[in-house]
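Visitor: I have a model open here and would like to talk it through. Could we start with the annotation and then work inwards?
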Amino acid sequence: MGTAIRGGRRRGRLGTALGLLGELLITLGLVLALFVGYSLWWTDVVADRAAGRAGDRLRQTWSAPAAPPGGTTGAAPAPQYAAGDGVGFLHVPAFGRDDQTLIRMGTTAEVLDEGVAGVYEEPYRSAMPWDAEGNFALAAHRDGHGAKFHDLDKLAVGDPVVVETKDAWYVYRVAGTLPQTSKYDVGVVAPVPEGSPFTGPGRYLTLTTCTPVYTSRYRMAVWAQLVRVDPVDAKRTPPPELR
Amino acid sequence: MYGWIWRHLPGPAPVRALIALLLVLGVVYVLFQYVFPWAEPLLPFGNVTVDQGNGG
């Protein structure tokens, strides 16, 4: 047997191989631990930075062409949005005071990974808040990449959800929740969401994310109904729900 | 493996420790900047949309 007994070192080939295997396994464990840190912390850092910048940019474009004092109402001419465009901000008091999530068109990974709430464009093209009727459906990450909908399960029937756009505050109230459903259940974002308390056309808001936390096994949905549209004043005074 | 790297680093122990630390930081940087962003979409942890199974 070729056991090397040189310089006092008595390690056979098997020993060396086992030692190498052990070191590789330790390395694998460390890499996996790093991946957890990456997923749950670093992607948040990156996404919050990107969303903060994008949000600031959007607010700048809002204030740039001096809005007429007194403001226009929600009936202003509806702008057209392309994928990735900033639409406004979602405020959910149940997520904490001053909660603010940038809303952008599209639900691709590139959009959602930037720490925003994405507007569904498929399988159903969402109605926008200012549309006469339809469902404004949003998705956001539960964990990592900003984790904007981490606390979506904290929303209960009656809680306010506010969408802020250039010209208006759209105040919704939660009407129903679906704690768990299949990821193929596209009906939850339909114009009249399937499984929701709504039976006819109306102005609805749907928030979806994955559940349970840290996995993507199922989806969760929260449905809300528009109760009021407040025009934005010169100082952008938030509606009472956000104060 | 780690022993081999340690033996092949130049200089006295403190210098070796510094170089080893830099190597670790370099590896972490490459993982965070390139490897994890590549691997993440392949893993089923971040899909939040309802769809016909294309992920999201």
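Guide: Gladly, and please keep in mind throughout that this is a predicted model. An unreviewed UniProt entry places a "transmembrane region" at residues 17-36 of chain B.

Visitor: What does the chain do over residues 17-36 of chain B, and how far apart are the end C-alpha atoms?
Guide: That stretch of chain B is 100% helix and 0% strand, with its end C-alpha atoms 26 Å apart. Chain B as a whole has two helices and zero strands, and 11% of its 56 residues count as buried.

Visitor: OK, switching to chain A. In what order do the strands of the barrel run?
Guide: The order is S3-S4-S5-S6-S9-S10-S8-S7, which makes a closed barrel of eight strands with mixed pairing. From one strand to the next, the twist averages 30 degrees.

Visitor: And what packs on that sheet?
Guide: Helix H1 of chain A, residues 13-63, packs on it and touches strands S3 (86-91) and S4 (101-105) of chain A, while the direction of H1 makes about 75 degrees with that of S4(A).

Visitor: Back to the strands: how do S7 and S8 of chain A run, parallel or antiparallel?
Guide: They run antiparallel, with five bridges joining S7 (residues 160-164) to S8 (residues 168-181) in chain A. Within S7, Glu164(A) stands opposite Trp169(A) of S8(A).

Visitor: Which residues have the most contacts inside the largest nonpolar core?
Guide: Those are Ile103(A), Val116(A), Leu138(A), Val222(A) and Ala224(A), in a core of 49 residues. Strand S8(A) gives the largest share of this core, namely seven residues. If we leave aside neighbours within four places in sequence, the contacts of Val116(A) include Ala51(A), Ile103(A), Val111(A) and Ala140(A).

Visitor: Why does Ala139(A) count as buried?
Guide: Ala139(A) counts as buried because it has 29 C-beta neighbours inside 10 Å, and the cut-off for a buried residue is 20 or more. Its place is in strand S6 of chain A, residues 134-139.

Visitor: Last topic, the contact between the chains. How many residues does it take from each?
Guide: It takes 31 residues from chain A and 18 residues from chain B. On the chain A side, H1, helix H2 (109-112) and strand S9 (203-211) each supply at least two residues, and the largest share, eight residues, comes from H1(A).

Visitor: What is that side of chain A like by class?
Guide: The side of chain A that touches chain B has 17 nonpolar, nine polar and five charged residues.

How values were computed. Residues numbered from 1 in each chain as written. Chains lettered and ligands numbered in written order. Predicted model: local features only at pLDDT ≥ 70, side-chain atom pairs only at ≥ 80, totals over all residues. UniProt positions renumbered as here; feature names shortened; annotations may be inferred. Helix = DSSP H or I, 4+ residues; strand = E, 2+ residues; numbered from the N terminus. Pairing = 2+ DSSP bridges. Axes fitted to C-alpha atoms, helices over the stretch in contact; angles between N-to-C directions. Contact = placed C-beta atoms within 7 Å. Buried ≥ 20, exposed ≤ 12 C-beta atoms within 10 Å, placed from the backbone. Core = buried A, V, L, I, M, F, W, Y, C linked by C-beta atoms within 7 Å. Nonpolar A, V, L, I, M, F, W, Y, C, P; charged D, E, K, R; others polar.
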